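Hello,

Here is the structure I promised to pass on. My notes on it follow below the model.

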Amino acid sequence: MPRRVDRLFSQATRRRKVVFLVFLMLCSFVISKVYGASVSVFYFGYNARTENRLRLVTTFYEGGLPERGSCQHGSEVLAALAYNSLNCQIDFVHVLYETSTRKGCLRLKDEIRLRSAMQHGKCSAYVECTPLHSQPSYYDIFNFATSFRGDVVVLANADMVFDESIRHLRFLQRGFLNTIATKGLGDVDSGTDDVRILIAYNRLSQCEIFSYLEAVAQKHLKNINEAFEEQTGLQLRAVVPNRCYRRPRTRLSWDAYAFHPEDITVNSSAFSERSGRKWFMNELGAENAALGAIISSSSAIRSITQVCDIVSMFAFHTQAKTHDTQNWVKGPFTSIASDCGSIKECFGG
């Protein structure tokens with residue numbers, strides 16, 4: 001009799017597990033309808049990890065506002081900030097704002113709100129503006145980002161735009177740092193690497209995956225291109241280059257980092273040239289130099305990978321830069337993030 005009871009309990013447990021798995025599948029289906037197809041396909045590989053909050057950290061320049069000169073790239077940056085503030089996967093948008101007035105941040109938030117209203121988004125990130133009297137250096141930006149312990153920080157150039165695939169970074173594990181190369185604007189190339197990763201982690205056929213990627217890429221591209229023209233008032237006449245090159249070509253350029261603030265050490269001397277000068281985000285070679293500075297100071301970082309095959313980032317940058325500088329960063333500060341071939345290699349776990 002006891003054995004029979006044990007057997008009955010065992011059968012009941014199995015039934016509950018089956019019901020629970022069906023429930024999870026239904027939840028995934030519902031989420032995919034609400035947030036887009038990418039959620040249901042991409043995120044089974046994370047083994048029900050706890051999701052981190054995402055904080056986007058970037059900068060802007062008061063001279064880019066509409067009535068302050070004719071800097072059209074400022075319109076592109078405002079459009080990018082507005083688009084990212086409506087991304088349901090981004091919880092906070094933090095802007096280090098170079099301004100000469102006390103009410104500069106109020107004006108900036110109004111401008112972002114105005115452009116966000118054009119998109120009629122269903123989500124809205126909390127936008128925080130921190131006023132500064134001068135352009136922040138890379139040291140200043142990383143140092144600011146270290147205050148957000150417990151969350152994942154995405155530190156990016158202000159004209160970068162993310163789609164829903166940024167959600168992968170919610171699962172970033174401690175000790176992992178990601179760089180992200182831009183896929184440009186006006187064109188998109190999903191790449192065979194996406195197909196290989198998805199087949200390995202979701203057991204779908206190559207034909208199914210390729211059709212899926214094409215549909216998702218075209219959907220995001222259409223939305224992003226339309227948002228660019230609507231919010232900037234500029235016509236997208238040229239294609240911004242795709243820097244997420246097909247392998248085996250090396251991805252030498254990137255415009256964003258993702259990391260846990262607890263993992264990085266921001267050393268002032270590491271972020272300085274030999275002359276003592278600290279470099280800025282828009283200087284040539286600055287991204288490589290910044291990664292080199294982080295690597296040299298942060299012993300907690302054990303993996304540095306380029307994840308542009310998985311996290312899509314586009315560039316609202318068809319006009320001249322807001323700061324007129326073409327200086328190369330001087331000093332032995334070069335580093336290149338390695339490519340990763342799986343979700344585990346990219347984000348840990």
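The buried residues of helix H8 are Ala286, Glu287, Asn288, Ala289, Ala290, Leu291, Gly292, Ala293 and Ile294. Bear in mind that this is a predicted model.

That makes H8 mostly covered, with 9 of its 12 residues buried. What lies over them?

The length of H8 (residues 286-297) checks out. At 1.5 Å a residue, its 12 residues should span 16 Å, and the end C-alpha atoms sit 17 Å apart, so the two agree.

Helix H3 passes the same kind of check. Its 14 residues should span 20 Å at 1.5 Å a residue; the end C-alpha atoms are 20 Å apart, which agrees. H3 is mostly covered too: 13 of its 14 residues are buried.

Now the cores. The largest nonpolar core has 51 residues. Within it, Phe162, Leu169, Ile180 and Phe347 touch the most other members. Helix H3 (residues 72-85) gives the most to this core, with 7 residues.

Which residues does Ile180 contact, leaving aside neighbours within four places in sequence? They are Phe162, Leu169, Trp254, Asp255, Ala256, Gln306, Val307, Cys308, Val311 and Met313.

Best wishes

Terms used. Residues are numbered from 1 along each chain as its sequence is written. This is a predicted model: local features need pLDDT of at least 70, side-chain atom pairs count only at pLDDT 80 or more; totals for chains, interfaces and linings use all residues. Side-chain values use heavy atoms; hydrogens and water are left out. A nonpolar core is a set of buried Ala, Val, Leu, Ile, Met, Phe, Trp, Tyr and Cys residues joined through side-chain atoms within 4.5 Å. Buried means under 20% relative accessible area, exposed over 50%, partly exposed in between (1.4 Å probe, protein chains only). Helices (H or I, at least four residues) and strands (E, at least two) are DSSP runs, numbered from the N terminus. Contact means heavy atoms within 4.5 Å. The expected span of a helix is 1.5 Å times one less than its number of residues.
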